[in-house]
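This report looks at a protein model one part at a time, from single residues to the overall form. Please keep the sequence and the structure in view while reading.

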Amino acid sequence: MKHTPNPAASTGIAALEAQLTQDLDFLELPAKPWIPKRMHEGAPVRDVVVIGAGMCGLAATAKLLLTGITNVVAYDAAPAGLEGPWVTFARMQTLRSPKTLNGPSLGLPQLTFRAWFTAQWGVEAWRSLDKIPRGQWMDYLVWYRKVLALPVRNGVRMTGVAPLDDLIAIDIEGAETGRVLTRHLVLATGRSGLGGFAVPDFLRGIDRKYWAHSADDIDFDALKGKHMAVIGAGASSMDNAATALEAGAGSVDMLIRRKEMPRINKLTGIGSQGVVLGTHHLPDTWKWKFFDYTASTQTPPPRSSTLRVSRHSNARFFLDCGIVAVKEDAGGLLVETTQGPLRYDFLIAATGFSNDFSDRPEFTALAPYIRTWSDGRYTPDMGPTRAGMSDAPDLGPAFEFRERVPGSCPMLAHIHCFNDAAMLTHGKVSGDIPAVSAGADRLVRGITASLFAEDVETHFANLIAYDTPELLGDEWVDSTPLLQKEAAL
C-alpha cells in the first residue's frame with residue numbers, strides 16, 4: 001500500500017520532532033560527554049568507529065551518542081539513502097516484520113516508525129496499514145539519521161585493519177581516504193556479516209553472465225523472455241523470482257531441495273523479551289540446540305511472497321529437486337538435478353551468506369586470530385556440527401571477538417561483531433528489526449564499561465582534582481564550644 005504525500009505532513013513531522021526533543025531533554029539525553037580526548041603522535045583518536053550505516057549501524061551510533069560517547073563516526077560505502085538492503089537487494093514489497101515492532105527506537109516512543117508514520121498520514125492510515133513498504137522503511141531510517149544528527153560519512157569503504165600500539169588503525173578510501181585511529185571498532189556489516197555470498201560449489205567456475213546471487217545488483221529487465229531458475233525456498237528466493245516474473249521473465253522454476261516447503265516460523269512463534277534478553281545467558285548447549293533446530297526446520301517465506309510467485313502461470317515449484325551439478329552448455333546452463341537434467345538461460349542463487357573471510361579482504365588480517373565456535377566452544381555432545389554455526393565467531397558479552405590463541409591479537413577485544421554473524425552467541429539482536437534496540441543497548445553498555453576502565457586513572461585523578469564546593473562555610477555555626485560552658489554550669 002503506497003501512501004500519497006499529505007499536505008500536513010511537514011507540520012506533523014515538525015510537531016513529532018519537537019516532542020522528541022522535549023522527551024530527550026526530560027531524560028537528560030544525550031548524556032554529557034565524559035571520555036578524555038586522545039591523541040597519537042599528533043593525530044586525533046576516535047573513541048568508536050562504526051562500519052556500516054544501515055539499521056544496526058544507525059542504532060549503535062545513536063546509542064553511543066545518547067550515552068555521552070560523542071567522538072564517534074560511522075562509515076558506509078553506499079551513497080546516502082542507499083545504506084543496507086532496503087532499496088538495493090531487498091526485493092520484497094513489504095517488510096516481513098509486524099508494523100508494531102519498536103525496531104531501532106531505543107525505547108523512545110517518538111523515534112518509532114509508528115510515530116513517524118502517524119505524524120504524516122494519521123491514525124486511520126496506520127490502522128489500515130498491513131505491512132510496512134520497504135521503501136517507506138528506508139525513508140524512516142533516513143529521517144532517523146537526520147533527526148538524531150548522526151555522524152555518518154557516506155561513500156567511504158574500510159579496506160584494512162591493523163593494530164597500532166593500543167589502538168586500532170583503519171584504512172579507508174572513497175570520499176575520505178587515509179588512516180583513522182580508534183579505540184573501539186564496531187562492525188555493523190549487516191546480513192553479510194564477516195564474509196560474503198554463500199556460493200554453492202556447483203556454481204564455482206561458472207561464468208557470471210549466466211547466474212547471480214540474490215544479493216547482487218541484478219538487471220531484471222535483461223531477463224525478459226528468459227527461461228530461468230531460482231535456487232531455494234526462502235523469502236529471498238520468492239522475492240527474486242517474483243521480481244523476475246514481474247519484469248517479464250519467460251518462465252521461472254523454483255528449485256527446492258526439500259520434499260516439502262517449510263511452513264512454520266518457529267522463532268517468531270516463541271518471540272518474547274525472554275528470548276531477546278535471555279538467549280545470551282543460556283548455556284552453550286541450549287544456544288546450539290535452539291539454533292540448530294530452527295536451522296533444520298528453516299524459516300518459511302511469507303505467504304504473500306509465495307503467492308506473489310505462484311499467481312504467475314509461468315512459475316513452477318520443483319520440490320525434492322536438489323542440484324547435483326551445473327555446466328555451461330549451448331549458451332546457457334545445463335543443471336543436473338535429482339529430478340533429471342534441466343536447461344536454463346539464467347539462474348539466481350538465493351543461498352544466503354557465509355562467515356568466510358576470504359570474500360572480505362578488509363578482514364583477512366583479522367581472520368587467523370578470531371576464535372570461532374569450532375575452536376572449542378562447540379563440543380560434540382551439543383549435537384551434530386552444522387555449517388554456518390561451527391564457523392560462527394565465539395564472541396564476548398559486548399559482541400567483542402575473542403582470540404583463538406590468547407595474546408596473539410589483543411586488539412580483537414576492542415572489535416565488536418554487531419551483525420548477523422553474532423546470532424549464535426547473542427541471539428537475534430544484531431541483524432533483524434525486532435530486537436535491534438536491545439542489541440544496541442548491550443553493545444554500548446559493554447563499550448562504555450571498557451572505555452571507563454581504560455581511563456580509570458584519569459577519572460580517579462579528576463575525582464581528586466574536583467574542588468567545586470557544595471557548602472560555602474556560612475550555612476551553619478559550630479556549637480561545640482558551648483558544650484564546655486554548659487558542662488561548667
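A residue is called buried when its relative accessible area is under 20%, exposed when that area is over 50%, and partly exposed in between, with a 1.4 Å probe and only protein chains taken into account. The model is predicted, so local features need a pLDDT of at least 70 and side-chain atom pairs count only at pLDDT 80 or more, while totals for chains, interfaces and linings use all residues. Residues are numbered from 1 along each chain as its sequence is written, and side-chain values use heavy atoms, with hydrogens and water left out.

If neighbours within four places in sequence are set aside, Thr 61 is in contact with Val 50, Val 72, Ala 74, Leu 150 and Pro 151, contact meaning heavy atoms within 4.5 Å.

Lys 37, by comparison, counts as exposed because its relative accessibility is 83%, and Lys 37 lies in the loop between helix H1 (9-26) and strand S1 (38-40). Pro 410 is in the loop between strand S15 (346-349) and strand S16 (415-416), and its relative accessibility of 60% is why Pro 410 counts as exposed. The C-alpha atoms of Pro 410 and Ser 313, which are 97 residues apart in sequence, are 58 Å apart in space.

**Aromatic rings**

The structure holds 20 aromatic pairs. Rings of Phe, Tyr and Trp (its six-membered ring) pair if their centres lie within 6.5 Å, and planes under 30 degrees apart count as stacked, over 60 as edge-to-face and the rest as tilted. Two of the pairs are set out here.

| Pair | Centre to centre | Angle between planes | Kind |
|---|---|---|---|
| Trp 86 and Trp 137 | 6.2 Å | 70 degrees | edge-to-face |
| Trp 116 and Trp 121 | 5.9 Å | 75 degrees | edge-to-face |

Trp 86 lies in the loop between strand S3 (72-76) and helix H3 (113-128), whereas Trp 137 belongs to helix H4 (residues 134-147), so this pair ties together parts that are 51 residues apart in sequence. Trp 86 and Trp 137 are both buried, and both Trp 116 and Trp 121 are buried as well.

Which residue has its charged end over the ring of Trp 126? That residue is Lys 99, whose charged end sits 4.7 Å from the ring centre, and a charge sits over a ring if NZ of Lys or CZ of Arg is within 6 Å of the ring centre and within 35 degrees of the ring normal. Arg 208 likewise lies over the face of Trp 211, at 4.1 Å from the ring centre.

**The protein as a whole**

The secondary structure comes to 13 helices and 16 strands, and buried residues make up 48% of the 489 residues. Taken along the principal axes, the C-alpha atoms fill a box of roughly 115 × 60 × 45 Å. Among the contacts with a separation of 6 or more, 72% are accounted for by residues 24 or more positions apart.

Conventions
Helix = DSSP H or I, 4+ residues; strand = E, 2+ residues; numbered from the N terminus.
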